Amino acid sequence: MHPFCCVPADHTNNSMPSTPNYHILNNNYTTTTNNNNNNRVSDSVRMRLTSGDQRDVKINDIVGDGISGVLNKWVNYGKGWRPRWFVLQDGVLSYYKIHGPDKIVVSKETEKGARVIGDESFRRLSRHRSSGFNGVAVASNRGYRKPVGEVHLKVSSVRESRSDDRRFSIFTGTKRLHLRADTRDDRIAWMEALQAVKGMFPRMSNSELMAPIGGITLSTEKLRQRLLEEGVSEAAIQDSETIMMTEFSAMQDQLVLLKQKHLLLMDTLRMLETEKVDLENTVVDESQRLSKEVGATSRLRQEKYSDASPSESEDDNDRGDAAEEESDDEDNAFFDTRDFLSSGSFRSSGSDMRSSSFTSDDEDLQYNEPEIDASIRSVGTSYPRVKRRKKLPDPIEKEKGVSLWSMIKDNIGKDLTKVCLPVYFNEPISSLQKCFEDLEYSYLLDRAYEWGKRGNSLMRILNVAAFAVSGYASTEERSCKPFNPLLGETYEADYPDKGLRFFSEKVSHHPMIVACHCEGKGWKFWGDSNLKSKFWGRSIQLDPVGVLTLEFDDGEVFQWNKVTTSIYNLILGKLYCDHYGTMRIQGNKNYSCKLKFKEQSIIERNPHQVQGVVQDRSGKTAATLIGKWDESMHFVNGDCSGKGKGDPFSDAHLLWRRSKPPKFPTRYNLSRFAITLNELTPGLKEKLPPTDSRLRPDQRCLENGEYEMANAEKLRLEQRQRQARKMQERGWKPQWFAKDKASDTFVYTGGYWEAREQAKWDSCPDIFGQFSSDQTLD
């Protein structure tokens, strides 16, 4: 089948094939073509394209008024596949929206003379047959039909998909368009059309560009006559003619070369102009989307996991196959979970997020967890109430916009190790406080301890697994980085309303290692962490190094590692992070657990999936876990990996659900719990050591909205921090942690809370204070 076939018009419906591939719209009738005589017509077209000088062939001689039809275009992982109306004309592939306020109105009149590919395209044209629209009038009233995007085939390459016989892509040099036809035959038609048109613009080699144009005659008769009148000899006249011909030939070659370069430059400029428009549209759309999100975080979090409600438009429902490129065998384990993750029963509980246990608001103390065992539901809720803040201070100054490009421009030629990143890239908490944020849902450990006391080891490890996943919930939509602590910086969190005490310290500067220790009701939690980063251009990959340990008072110990985190769209687009990899929770008694964080793909309809199994010592699966790291975790007794009859997750039980978003959203997208981490409650400042993160001036200024002062303080502290490596090389030791040679990890040596009671901080240096250029931190 070839899209440029021309066959006699047939007005009878009986001769119309059952599966037409494309249609030719003439003035008064429609021609339907099928695969008959394809080889003969295709060969004739190919012969015409390959014979003679291709540069003398006009595209419209082949395609008439162009090729048009509906193709599905991949937009992003949030919107998926969206139908667009594509028009191929004069070497440019343009596409238009067919839904919404900016949709294009197409009819048989507007597409008169064009070759329309696909049954869906022809049906769309037929919808306006009796709608009362006059195609010519519509076109004239609307004026120039502005496309959403354009692709110049002269500077683009076209490629078919190997995994899907309906998909193909077009690469422009700066971006790639992923397209999908309705049928395999439609893709063949589009591919042949695109390749044929692209063949009209062959790439010229350097020899072709430099070759002079032949067939041009130059007369020297007038020059000869003038020289003869002056009495010049014949030999001199011939020499003059030769010189003139040589110089003219050289000038002719230069003119030809300049002309070719001019044409190539114009094509490049047109392509760059198209890319510029696309980029501007992307920036505008992103800005509008971000502005709509301000003040509406709660509503978005409740609605964003709904796949397709009855009120959604036709454009929203046309998502296509969500995971058509998935081929990894390990990903097959997630097949059975997709319906469960998007089912009404799953969303009904997810829409009512769990209230935080630390808040003092009466209405927020009402837990909405009917799925949790009533005998265990109250565990972790009997602690005294402590009034904590629910919002950050109002900013004193108006925040100034900053971009990565402007920062790079202002620091060209400088030593990058001495460049201070503006505080606009930070959030007002440090990495030490970030460690404590992982304990937001510490009530899960309280429940695990209680289940163990009752002799239920399976429910204990299930709650431990839910706790290990819950630490990632607060990372969603967090686009700013925490402050890098100074060497010797500490952070304490005495939270009686959660029944725990937490302490952390930066124990090494290079490599940067943070150690923490936490004591709760019947359990202890400790660990150290280090990150190995890999920069991939538009993204950065963070691989955690270190082991987290949880020990219950009855002697049961669990250890696990964290999974890989990647941050995407560092240069352009919305910044987002994803967590993926395998987390293994090893127990020293009856059970162990394996959790798989699935890596998010651009065509994934249910991102952030987590699935795992709990196995006993014999390797038998005792329970299956399923959920999302930013929403909730459920479990089912037994092994549900097999694909039996019925829904294996219909009897899933809730383990953990993410807390509600704060009533007063921040630009940092901090959770309710994170908003309290840097708070100085009355009387707390006098009890803290001079190394506590709450006393760090640049972080405090950023929280208060004093951006200029925050930048100045950050620069001062980073200049001081550069001495930390020299201190470490001279034998500096952490104050409250020591390295265990057996496990090669940092463990808490004790003494901090005792020193706090006596207010003895003589051994703690004033790491945030002023200093002279030759002063060290010893």
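**Note on the predicted model: salt bridges, aromatic pairs and a strand hairpin region**

1. Arg226, with a relative accessibility of 44%, counts as partly exposed, a value taken, like those that follow, from a predicted model. Its partner in a salt bridge is Glu229, the N to O distance being 3.9 Å, and Glu229 is exposed at a relative accessible area of 63%. Both residues belong to helix 7 (residues 221-229), where they stand three residues apart, or about one turn of the helix.

2. Arg658 and Glu476 form another salt bridge, in which the closest N and O atoms are 2.4 Å apart. This pair links distant parts of the chain, 182 residues apart, with Arg658 in the loop between strand 26 (653-657) and helix 18, and Glu476 in the loop between helix 17 and strand 12 (481-483). Arg658 is buried, its relative accessible area being 5%, and Glu476 likewise counts as buried, at 7% relative accessibility.

3. Side chains of opposite charge can pair when their charged atoms come close. The count for the model comes to 29 salt bridges, and a network of them links Glu427, Lys434, Glu437 and Arg478.

4. Turning to the aromatic residues, a search of the whole structure finds 25 aromatic pairs. Phe467 and Phe525 make up an edge-to-face pair, with 5.9 Å from centre to centre and 85° between the planes. Because Phe467 lies in helix 17 (residues 457-470) and Phe525 in strand 16 (residues 523-535), the pair ties together parts that are 58 residues apart in sequence. Phe467 is buried, with a relative accessible area of 4%, and Phe525 is buried with a relative accessible area of 4%.

5. The rings of Tyr495 and Phe673 have centres 5.9 Å apart and planes at 70°, so this pair is edge-to-face. Tyr495 and Phe673 are both buried.

6. Ala493 stands opposite Phe502 in strand 14. The two strands form a hairpin with four residues between them, and Gly499, in the turn, has a positive phi of about 70°.

7. Is strand 14 mostly covered or mostly uncovered? Strand 14 (residues 500-508) is mostly covered, in that eight of its nine residues are buried. Glu505 stands opposite Ala515 in strand 15, and a hairpin of four residues joins strand 14 to strand 15. In a regular strand the side chains alternate between the two faces of the sheet.

8. An aromatic cluster deserves a separate entry: Phe503, Trp736, Phe737, Tyr748, Tyr752, Trp753 and Trp761 form one such cluster. Charged groups are also placed over rings in the model. The charged end of Lys391 sits over the ring of Phe664, 5.2 Å from its centre, and the charged end of Arg454 sits over the ring of Trp451, 5.6 Å from its centre.

9. Glu729 is found in helix 21 (residues 724-729) and is exposed, with a relative accessible area of 62%. Although Glu729 and His510 are 219 residues apart along the chain, their C-alpha atoms are separated by 9.9 Å.

10. On confidence, the protein averages a pLDDT of 75, and 67% of the residues score at least 70. Over residues 297-339 the pLDDT is below 50, yet this stretch has 87 contacts in the model beyond near neighbours in sequence. For residues 772-778 the pLDDT stays under 50 as well, and the model has 11 contacts for them beyond four places in sequence.

Note on methods:
Residues numbered from 1 in each chain as written. Predicted model: local features only at pLDDT ≥ 70, side-chain atom pairs only at ≥ 80, totals over all residues. Heavy atoms only, no water. Buried < 20%, exposed > 50% of the residue type's maximum accessible area, 1.4 Å probe, protein only. Phe/Tyr/Trp six-rings, centres within 6.5 Å; stacked < 30°, edge-to-face > 60°. Lys NZ or Arg CZ within 6 Å of the ring centre and 35° of its normal. pLDDT = per-residue confidence, 0-100. Contact = heavy atoms within 4.5 Å. Salt bridge = Lys/Arg side-chain N within 4 Å of Asp/Glu carboxyl O. Pairing = 2+ DSSP bridges.
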